[in-house]
Structures are given as structure tokens and as C-alpha cells.
Amino acid sequence: MTLVSGWGRFPVVDTDLRRPRSFAAVGEAVAGLAGAVARGNGRAYGDAAIGAARTVAMTGFDRVRSFDPATGRIRLEAGLLLSDLIDTFGPRGFLPFVVPGTRFVSIGGAIAADVHGKNHHCEGGFGRYVDSILLRTGQGEVIEASREQNSDAFFATVGGMGLTGVILEATMRLRPVETGWIRERVISASDLDAAMRALDAGDSATYSVAWIDCASRGRDLGRSLIYLGEHARADELAGGAGAFPAGRNPGLAVPVDLPSMTLNRYSIRAFNELYYRMGARRAGGNHVVSLYPYFFPLDSIADWNRIYGRRGFLQHQCVIPEQGARDVLGDILDRVARRGDASFLAVLKKLGQGDGILSFPLPGYTLALDFPMKGDVLNFLDEIDRLVVAAGGRLYLAKDARQSRATFEAGYPALSRFNAIRKSLDPAGNIRSKLSQRLIDEV
Amino acid sequence: MTSRKTVLVLGGSSDIGRATARAFAKAGYDVALAGRDVAVLEPDAADLRARYNVEVGIHKFDVLDTASFDGFVDALPALPDVVISIVGLLGTQESAQEDLAHATTIMRSNYEGPSLILGLFAEKFLARGNGTIVGVSSVAGDRGRASNYVYGSAKAGFSAFLSGLRARASRGGLHVVTVKPGFVRTRMTEGMKLIGPLTVEAPVVGDAILQAVEKKTDVVYVSGKWRLVMLIIKTLPEAIFKKLKF
């Protein structure tokens, strides 16, 4: 048995961790009513990638099966990391259409969570660029699922948190790019209204996201820096810059668990003040920046999750439908600011429609907040959840470790359809995760 | 025909073999993968072609079948520029103490086979006037320890072979690299208790081998910490060392 946790390091669970090296061995690991789920690179924050009894590590499957440079179509094993894909095919002029805030996720994990990026408002999520999935279902069949063939299985697997079976391989499309650089424009917004207006105005930008200062209150409530981005063309690069920036491994690392008091209301407020002022100074003009800091600002600090200390942290990411979002977001931010321990990692962005049956995105605004795992944070987040549910919103399963069944069921009205498809693929219930036990499975 | 360099990886389906092949293909080498089971090499060959747009060949090679070595070398479409042996067998020390067949397999897989095949290539490279030979040995060969001396003694023999070959051949255009990886998280070490700060992932070894070939390094400890650890282990007086059961 092995102690395993998600990126938030809560909860920590003793699990039977297997590392199969062949698809046949994957089948053996999943069969037999153990209650197993596949795990990619462990970047889901909570309990999504921990099996009810057994966890099947897939990172050994990291091969590219085929690539067609004429079309950008690529067939991959599911354990391959997005970082590997970017480092390998970026220099050849191809990038994934959708990347989340870290590049250290597996392809299988990105499909299972139907991850979104800074372009979701106009280009959709990761699943939109997946053409087909090789799935080992809970009842032991290996099927190819696409929009045309086994389409129920396809749309249940995109965003299905690994609960339809084990994703073995996928065919997806890559985006042809001239360079690995992003033309970035920073806009400073002095409060929440300004931030939301700036995001609305950024609807036509390929990439848009806001860093939001959740320590400021009163008339500064919701002040933000909005980052808009476009892929830079070759003729927009400064002389001497290569078409593709060097992919760096994390330069800094958090070597030990920091004492949980490192982040307190004073250090967070000081950090946010500094960050906002530095960003505001860059506001207005266009800058060309490497894709790595633009898309993955935190990847440059290895093991940044240790900054929250040994007890770990919770990420709360909700989406609020556009209608009436302003008041709900203002209410949440005000409560968070008064509480004082939300971190400097608050992000606000717009989402479009999700593709999978259980995909998180819906048209509206998503707000992501980190909280150290201590004190009464669970009760506090339950209060926030009530606001989210009342507004017709929902929480992101890939970030979740603690929402209630009631919150989940209210947010995902297509759950019964998902359950019916899952049942047909896995009548005996071989595929179960800690997350499905908490939120979905019959008890 | 390309004018690219070619690397031959013996033991190409191992985790270190796959990582090494990727490092060389990324640097623009064409690759020949050799292993006992050519079917398992096929997906890795496809992976290298798709990623790096290089030529990849597959060849059957069994390190215990020394009689086949001459034929293996002759059957290659071209003499490679670099040959890397990653072949090895950890085995089980306890079994090797009682089971002569198991001990023999460990010794032959880690010393006899790798030394003989690399020796064959060395003669060809010397005749041609250039070439690089890389042997993946082990820190376990630096001093025989209670917990793995059958494996360690075979690796010691392999390290000595490489060292002697290097001394003989350095003026003939042949470069010989000895690699001592230390703990690597691979299938071979799965389930073993590895010491975190002394353990690396397979791609780190692949990159280190590529660097050693390009910079003409002689002996590589993949993690520099191992050089210090093994220096201490090597210099302990035997009277003290024999009481240590690690």
C-alpha cells in the first residue's frame, strides 16, 4: 500500500498503487471489483485520481504512436505529459489547442477533466480537439470512442473524471503555430466591475485571464490584472529570438514543507500589493513573452504546493452563469477578503460551453481560489458553495476535495445521463474513485 | 541516404534504453534499437520516428547468445557511430547465493555479454579510425557489498573491461564512456527502497549519456552525489566495511 494524494495534498489516502507496463496489465489491474481508477501525473487537486481501493498509474505509457505534420493529427498514449508534447512538437511548429495552468498533466488526465485554458471563451476545452479515445471500459472491453462511433462513451469520457474506464490512447489535433511566443497585453482594472468589463472586452482575444487581488476590499474589491494574448507571428519577434523559446525545467523549488504560517493575511496582502503595482506598470503596451511563463507561471517553481505546509490546501474553483454573476462574485470576494487567508493565486476568467456530459465549463465566469487546509475553512467553503448553487453555478471536479453531494448534484443536472452511460460500460462497478465514492456511487 | 550519425542501443526496450534513444534522436541521430524481443521495440521505434523524424531500425539481440554476436554485427546495415550497452540483470542476491544457474545468468548478462559485444565493435571502430562505445555499468561495481555482490562483481568486471579498452584505444580514435547511474526509478528498481536525493529518473540518464558522448567524458556518475558516496564507500578500511551489511 502506498500513501497518495492529489496536488492539494488533501486528502492523503492509502491505496494499492499499480504501475502496469502493458495494456493487458492495465486490464488485470482494473478487473476484479477492486474499485480502481487511472491516475496520470497526479495534478488533480483532490481525490479524483485515487481509486476506491486501487490506483493505476499510467505515466509509463508515454509514447507517440503517429504524427502527421500535414494535418497536425497525433495519436498518443494517455500517460504522455503535455510538457513532453510541447517540448517535442513546439519546435516543429505545433502546440496543443488547449493548455491548463500547468503543463505537467497527462493527456489522459486532461481528457478526463476536460481541462480548459485561457482560450475557453472562444475555442472551447481540451476535449474539443480530441477526435477519438481508446478506452478500456470497466467491463473489460477495449473500444474506440469518437463523436461518430460509441459517441455516448466519448462524451461521458471527456470530462468524466476517469469513471468510464481507463483512457489508453487518444487521437487529437495540434495547432500549427509560427512561433512559441505570445503577444501579451496587460490591462489593469481597479475594481471588479472594471475587471469584468475588461474580460468582456477581451472576448475577441484568443487568450484572456485575470489575476485577481482577493486581499483588497472596499472600493478596491476585485481589482485585477487582465492578461490578453495572441500567438506571435514570426515577423513580430525581436531580432535574435528563436522561433521557439527554450523549455526550461523548474528553476526554483520549494525544498521542504513551509510552516503553515508562512502565508498569512499580512504576507498575502503585501505580495498582492507588490504584484498588482508591478503588473499595472506594464499595463497598456504589447509585450512578446515566451509561452512558458504566459501559460504556466507556477510551473517555474517546482513543488509549489509545499508552500502551504504539511496539511495541504484546498482549491475552490466555481463557475457562475453570466446572468447575475457580478453580484455573486462580489459577495464571494468580499467574504474571502474579510476572511483574509485566501492566497495570491486567485484567477478570474470567462468560460464558454463545455463539451462532455460532466465537463465543468458553462458560459459564465470562473473564479479559482486557494485556501490553506486549516481552521474552519471547510465550513467557510460550504457557505460559498451555497452562493454558487443559488446562482446556478458549479464546482470543478478536478480541483475538488470536499464539496457535498447536494452541491454536486445541483451543479451537474446531466448527472443521471452520465450515470446511465457509466452503468452500461461498467455494470459491475469496477471503476470507482475516492471522488466517485464521495459524490456519485450508491452507498 | 542521410549523412546523420547513427546510434545503436543494446537493451533498447529498458527504461534507460528508451530514454537514451530519445535523447539521441532528439539530437538528430538515427537510431538502431536492439533487444531480445523485437516486437516490444516496435512501439518505441514508432515513437522515435513520430517525435523526431529520424530513421529507426530494429534488430534482434540476445546478450546471452554470444555465438550470435559476429553475425549480429555483420548483419547491421551500417556500422554505427555510437554503440551503447544498457543490457543488464539485477537478479536476486539470495537466489544467486544458492542457485548457480541464476548467478551465472547475472554474471553473463552484466559482464560477459556486454564486454564481448562492445569488444567486437571496438575492433571495428579502431579499424575505421573512429567511434564511441558507451557501457552502462553501475556504482555497485565500485566495491562488492553484502547485499548485491554477485551483480556488483559482474559490473566491476565490466567497468574494468571498459577502463582497459579506453586506455588501449584512446590514440586510435575510439572513445569509451563508462556510465554509473546510481539509483534510477525504472522497472528494474521497482519495489526497491531507493534513497530520494540519490535517485534520478531515466531521462536524466539518457541526457547524461548524450552529453558524455558529445563532450568525450570518460566516466560518468549521473548524479554527482554518487561520486562522493562511492569515494567514501571505496575508502572505508576492509575491517570496518565487512561489518556493514548494506
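1. In this predicted model, A:Val209 has A:Tyr227 as its bridge partner in strand E13 of chain A. This bridge belongs to the pairing of E13(A) with strand E12 (residues 207-212) of chain A, which runs in the antiparallel sense over six bridges.

2. E13(A) also pairs with strand E11 (residues 181-189) of chain A, again in the antiparallel sense, here over eight bridges. Within E13(A), A:Glu230 is the residue that stands opposite A:Arg183.

3. How many of the eight residues of strand E13 (residues 224-231) of chain A are buried? Six of them are, and the strand is therefore largely enclosed by the rest of the structure, where a residue is taken as buried if 20 or more other C-beta atoms lie within 10 Å of its own.

4. The largest nonpolar core comprises 130 residues, and A:Val56, A:Ile111 and A:Ile167 are those with the most contacts inside it. Helix H9 (residues 325-339) of chain A supplies the largest share of this core, namely seven residues. Apart from this core lies another, of 66 residues, which includes B:Ala25, B:Val150, B:Val176 and B:Leu210.

5. Leaving aside residues up to four places away in sequence, A:Val56 touches a set of residues that includes A:Arg18, A:Pro20, A:Val26, A:Ala29 and A:Val30, as well as A:Arg39 and A:Val166.

6. The contact between the chains takes eight residues from chain A and eight residues from chain B. On the side of chain A that touches chain B, strand E5 (residues 64-68) of chain A gives the most, with four residues. By class, that side of chain A has four charged, two polar and two nonpolar residues.

How values were computed
Residues numbered from 1 in each chain as written. Chains lettered and ligands numbered in written order. Predicted model: local features only at pLDDT ≥ 70, side-chain atom pairs only at ≥ 80, totals over all residues. Contact = placed C-beta atoms within 7 Å. Helix = DSSP H or I, 4+ residues; strand = E, 2+ residues; numbered from the N terminus. Nonpolar A, V, L, I, M, F, W, Y, C, P; charged D, E, K, R; others polar. Core = buried A, V, L, I, M, F, W, Y, C linked by C-beta atoms within 7 Å. Buried ≥ 20, exposed ≤ 12 C-beta atoms within 10 Å, placed from the backbone. Pairing = 2+ DSSP bridges.
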